[in-house]
Amino acid sequence: MQQEDIFYEDRFLESWAGAIITNPSTAIVELVANCWDAYATEVKIIWPDSKKNQHFSIEDNGKGMTKDEFDYIWRAMSYDRIAKSGSTSAPPPGVEGLPRFVFGKNGKGRFASFCLTKSYTITSFKDGQKFVYKVSRTPQKPLITELVEFVDKGVEGHGTIIKGEGEIPQIGLTVEQARELLGGRFLANPSFKVFLGKTPISFSDIDKSLSIVEVEVPSYGTVKIYHIDTRKPDKTTKQHGIAWWVTNRSVGECRWRGTDVERILDGRTEKAKRFTFIVQADFLNKEGAVKEDWSGFNEKNKAWEATRPIVQDKIREIIANTNLAEREDKRSAVLERVGESVNLLPLLSRDRVTTFLNEVVDNCPNFGEQEIVHLTSILAKLEKSKSQYGLLEILHNQDPHDLDALHEVLSQWTIGMAKLVLDEIQGRLKVINELRIKIQVAGIDEVKELQPLFAKGLWMFGDKFESIHFTSNKGMTTVIRELFDGKSERASLNRPDFVIRGDGSTGFYSLPSYNDDHQEDGVQHVVIVDLKTTKLSLGSKEKEQIWKYVKELKKKGYIQADTRVDGFILGDQIESGEGGTRTEDNERVKIQPLMYSIILSRAEQRLLKLYEKVKEAPFLMEQQEELSKFIEPIPVQQPSLAEEAGTAG
């Protein structure tokens, strides 16, 4: 069955249009930018106020729209303004002026009204037409348009009016904040007036963001420079840069021109998207510096040649002073937040941390206060730590992808928790690494070296041996050593935790049992690990030996009637037909022969074959280097017996 209709989830428009529909600051800037793009010279805004039952409205005297244009533009979800109408906007009939560079690109700005009103009517005049549409939305329909009125000819004027209807939403932006916001972005062109209420937005609305200086141009006159700092950078440099005013008229566009970028500021930087400079130089008119169409200045004009570099140098100085003041404010703010921890450091450490702080503030202007606080706090902690700056060297040597992975790990784990897990994994990987190397070498001496591995490696035998409460039972070891009437090797005395005999070594590991009062009252589980030398086939004799141990331990009271016993006999070969498990005592005792290669494979499987993935980890490579000495033959300095016999003969 074919389905052609699409549907929208409840928050589609919020997700698609983003801040334009959720943030009132973004919304009002977008709506006024639409008026600019329509080549309005006057914009009138009424701010919503539920207490006064006052709906939002915005009216402009721009080019307006015909009904056909509205039907297409308003309903096209990804309207490409640049592709359809170009990057500039020409003035409407009866208005003089140069083409304006437009703000709009993707047509999302038309949804901004929904941030300031639940629904609205839009009225527009153009080419003798007038239309009125009601525009609303529902959770499932992001845009509903309903034609209210249409006059196809004979209507004078041009422009657009949007008026809110229905419930008046609470707007988290005051009238004063809106005036300052718009003033910081739309005062650069004197031919574009914005009214909020009945009062035009002016320089007085941005006194917190405005500074004014005067500079003298010898032989010509005084230039007044208005510096507007929006504090927060915009996405682009549109309506930022340098705007030149001559006799209250804009000359060209407000922007960063080629020589401005060379002498003052790179247009790609944050400050280029934040600063606007309005330069009033009325004397340039009488000096003939302005082109006839007011699109710019005559490059060879002497007054212009004298004025431009003086103004550019002054603007560069203003930016430098702003940077200096911001750096000092940032430095003081950071020191206030980290001062307590830094003051606890020794004098030399304190000096290193404050020197670092000063260098970051001076040389990394894009770092915010919070980032510098984090860096300084980390440095102070490194000064207190034992390893100090070793961590920085490790981080410096990491691949960028590994740093991303580290960030992801630390965002989900605490360092202590991660270390706990990694220490356990590292310990197990080292057991596997050592076992892998040592079982390659034949001989009883080497097998004796394996027994300590199983004291911390019982997990290799299966899940039920994971408990950290399994410990080496020296009492049982003593009993078995006595069983051999002193026949166990003298080396056993140096290793009281297991028994060493002629054909191998045996370790005993027990898990205690507890009574109802949670007091230890015996042994719940015993694991016997009997490691045999290589080239010895495992069979019934070796199984019987383990059973003999169990009976002796029962006789001496080390094993109770309900104690479980698992005996593992390990070697590198098993007699034919002897690979099965021997059970005794109603299956409470199980004795199983295993090959070293099998237990190694099981261990790797239990670690999800992690060893193969991380076998080049630094701690494993270092361990392999140490263990290589284990398998290297000892160099012989004296002559061989054969050589000595030959010499004697």
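This is a guided tour of the structure shown above, moving from the whole chain to particular side chains.

**Before selecting anything**

The model is a predicted one, in which local features need pLDDT of at least 70 and side-chain atom pairs count only at pLDDT 80 or more, while totals for chains, interfaces and linings use all residues. Residues are numbered from 1 along each chain as its sequence is written, and side-chain values use heavy atoms, with hydrogens and water left out.

**The whole chain**

Begin with the protein chain in a cartoon view, where there are 23 helices and 24 strands; helices (H or I, at least four residues) and strands (E, at least two) are DSSP runs numbered from the N terminus. Of its 649 residues, 42% count as buried, where buried means under 20% relative accessible area, exposed means over 50%, and partly exposed lies in between, with a 1.4 Å probe and protein chains only. With a surface displayed, the chain exposes about 36,200 Å², of which carbon and sulfur atoms supply 50%; accessible areas come from the Shrake-Rupley method with a 1.4 Å probe, and for residues only the protein chains shown count as cover. Among contacts (heavy atoms within 4.5 Å) between residues at least 6 apart in sequence, 66% join residues at least 24 apart.

**Salt bridges**

Next, show the charged side chains. A salt bridge is taken as a side-chain nitrogen of Lys or Arg within 4 Å of a carboxyl oxygen of Asp or Glu, and the count by this rule comes to 26.

Select glutamate 42 and lysine 44, whose side chains meet in a salt bridge with an N to O distance of 3.7 Å. Glutamate 42 is partly exposed at 31% relative accessibility, and lysine 44 is likewise partly exposed, at 42%.

Then move to helix α10 (residues 302–343), which holds both arginine 331 and glutamate 328, 3 residues apart, about one turn of the helix. Their closest N and O atoms are 2.9 Å apart, and the two residues form a salt bridge. Arginine 331 counts as buried because its relative accessible area is 12%, whereas glutamate 328, at 35%, counts as partly exposed.

For another bridge, select aspartate 585 and lysine 554, with 2.2 Å from N to O. This pair links distant parts of the chain, with aspartate 585 in the loop between β23 (582–584) and β24 (589–595) and lysine 554 in helix α19 (residues 540–555), 31 residues apart. Aspartate 585 is partly exposed, with a relative accessible area of 23%, and lysine 554 is partly exposed as well, with 28%.

**Aromatic rings**

Now display the aromatic side chains. Rings of Phe, Tyr and Trp (its six-membered ring) pair if their centres lie within 6.5 Å; planes under 30 degrees apart count as stacked, over 60 as edge-to-face, and the rest as tilted. The structure holds 21 such pairs. One of them joins phenylalanine 275 and phenylalanine 277 in an edge-to-face arrangement, at 6.1 Å centre to centre and with 75° between the planes. Phenylalanine 275 is buried at 0% relative accessibility, and phenylalanine 277 is also buried, with a relative accessible area of 0%. A selection of Phe454, Phe461, Phe465, Phe470 and Phe568 then shows a cluster linked by ring pairs.

A charge sits over a ring if NZ of Lys or CZ of Arg is within 6 Å of the ring centre and within 35 degrees of the ring normal. The charged end of arginine 100 sits over the ring of tyrosine 39, 4.1 Å from its centre, and arginine 137 lies over the face of phenylalanine 114, at 5.3 Å from the ring centre.

**Two loop residues**

Select serine 209, in the loop between β10 (199–200) and β11 (210–217). Serine 209 is buried, with a relative accessible area of 10%. Its side chain makes a polar contact with the side chain of glutamate 180 at 3.1 Å; a polar contact is a pair of N or O atoms within 3.5 Å, where within protein one must be able to donate a hydrogen and the other to accept it, and residues adjacent in sequence count only if both atoms are side-chain atoms. Not counting residues up to four places away in sequence, serine 209 touches Glu180, His227, Ile228, Asp229 and Arg231.

Finish at tyrosine 558, in the loop between α19 and β21 (564–571), a residue that is partly exposed at 31% relative accessible area. Leaving aside neighbours within four places in sequence, tyrosine 558 is in contact with Gly475, Met476, Val479, Val523 and Leu553. The C-alpha atoms of tyrosine 558 and asparagine 473 are separated by 9.9 Å, the two residues being 85 residues apart along the chain.
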